[in-house]
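Okay, thanks everyone, I'll keep this short. Have a look at the chain on the screen and I'll walk you through a few spots.

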Amino acid sequence: VTRLQLETRRRSAASAAEHLANATTPLIRDAWYVVATSEEVTREPRGRDVMETSVVFYRGRDGNPIVLQNRCAHRSFPLAQGTVEDDTLRCRYHGLRYDREGRCVEIPMQSHVPAALRVRAYPVVERPPLVWVWFGEAASDPVQVPHPSWLGAPGWDRYAGYLEIAGSYVHLHENLLDLSHLSFLHATTFGTPEYARAPVEVAVDGSDIQAWRHVTCELPDIYAVPLGSQFISPGLHVNTGHLKNLELATAAIATVRVAQVITPASRERTHYWFVGHRDFALGRPDIDDFMQRAQYAAFAEDQFAIEEIARLERIERACEFSEAHLPSDAPGIAMRRRLKKLADRETVRGAT
Ligand code: FES
Ligand SMILES: [Fe+2]
């Protein structure tokens, strides 16, 4: 290979990479993201860093969640340290009080309250067991909340969990779209060797990116591992497993659906909730516990991988590096191209 060929290859890899989101791509704000589970939102204020901002959430008297900017407009003290009074939130530093729209309604040291004094209030939609929030500048549309109809619906038994990952949400989405890693990263938890070899069907239709693996194997102890991966939005990914007995050639005997709820705290940190649903062995809390434990064990392996990737990217920040792409990366590439397009659109709009 000549030097010129090498240089040409390097350039074409670099220009292809330009169209793919990575860990440094600006976050996509015009999307709904989960900030908390329903049970986390109570009459006690609670703070959380999400989307490169800090929010405080609590429940109003009517039971609806309220989500405000956590940073007091006076001296930046976190409002999550304050107290809820009716629907309002009082800062614990100098006592300024804000209503559910974020407007300051009381300054204890004076009678006049400037109309412009406020913190940001975020549009919020609760679809139990999740609370979705809109961080974008564009108008929010509750119809666009990417909450599938089965999520939290009756007829399923559920288990749930949460991890905070010191890595990029882009890498987490990509991890979930390529289940060939089950055979290796999860070799001792829920992977079997058949996964990496299984034929995969990829369907990319606009924002809908799906990868289905048809795996023929003895089921590992946990249950059927997810077979389908679907990118729904920057904040949601769904894995679906249909278990079939191939000898009987019948329809699926059981289905497992896992909502993988992904909210960037920043470009370097990611909130990761999972809500597993199953339609078999209903009313068996021991099975919920078993599946939850197994899922935590396996997701800790994903967490390890994503955090190690983030560590190497940090250490080698100054080095030139271009990823090797394989045909099995097609769904991940489609997802990253989509995220990059969305991010670029917001950057252009922000600049005009
Ligand atoms: S910082 Fe909140 S009232 Fe002063
Ligand atoms: Fe995994």
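Let me start with a term: when I say buried, I mean under 20% relative accessible area, exposed is over 50%, and partly exposed is what lies in between. And keep in mind that this is a predicted model.

So, first stop, Arg 278. You'll find Arg 278 in strand 17, which covers residues 270-278. Is Arg 278 buried or exposed? Its relative accessibility is 0%, so Arg 278 counts as buried. What does its side chain touch? For one, there's a polar contact with the side chain of Asp 288, at 2.3 Å. A polar atom of the Arg 278 side chain also lies 2.7 Å from the backbone oxygen of Phe 280.

Now over to Val 204, which sits in strand 12, residues 200-205. Together with Val 200 and Val 202, Val 204 makes a nonpolar surface patch of about 220 Å².

Three strands make an open sheet, ordered 2-3-4, with antiparallel pairing. Strand 2 (46-50) and strand 4 (65-69) are at the edges with a single partner strand each, so one side of each has no neighbour in the sheet. On average, neighbouring strands here are turned by 30° against each other, ignoring direction. Zooming in, strand 3, residues 53-59, is joined to strand 4 by five bridges. And which residue of strand 4 is the bridge partner of Phe 57? That's Val 67.

Okay, over to you for questions.

Definitions and conventions. Residues numbered from 1 in each chain as written. Chains lettered and ligands numbered in written order. Predicted model: local features only at pLDDT ≥ 70, side-chain atom pairs only at ≥ 80, totals over all residues. Heavy atoms only, no water. Patch = residues over 30% accessible without salt bridge, like charges linked within 9 Å, V, L, I, M, F, W, Y side chains within 5 Å. Areas by Shrake-Rupley, 256 points an atom, 1.4 Å probe, with all protein chains shown as cover. Salt bridge = Lys/Arg side-chain N within 4 Å of Asp/Glu carboxyl O. Helix = DSSP H or I, 4+ residues; strand = E, 2+ residues; numbered from the N terminus. Pairing = 2+ DSSP bridges. Axes fitted to C-alpha atoms, helices over the stretch in contact; angles between N-to-C directions. Buried < 20%, exposed > 50% of the residue type's maximum accessible area, 1.4 Å probe, protein only. Polar contact = N/O pair within 3.5 Å; in protein donor to acceptor, adjacent residues only side chain to side chain.
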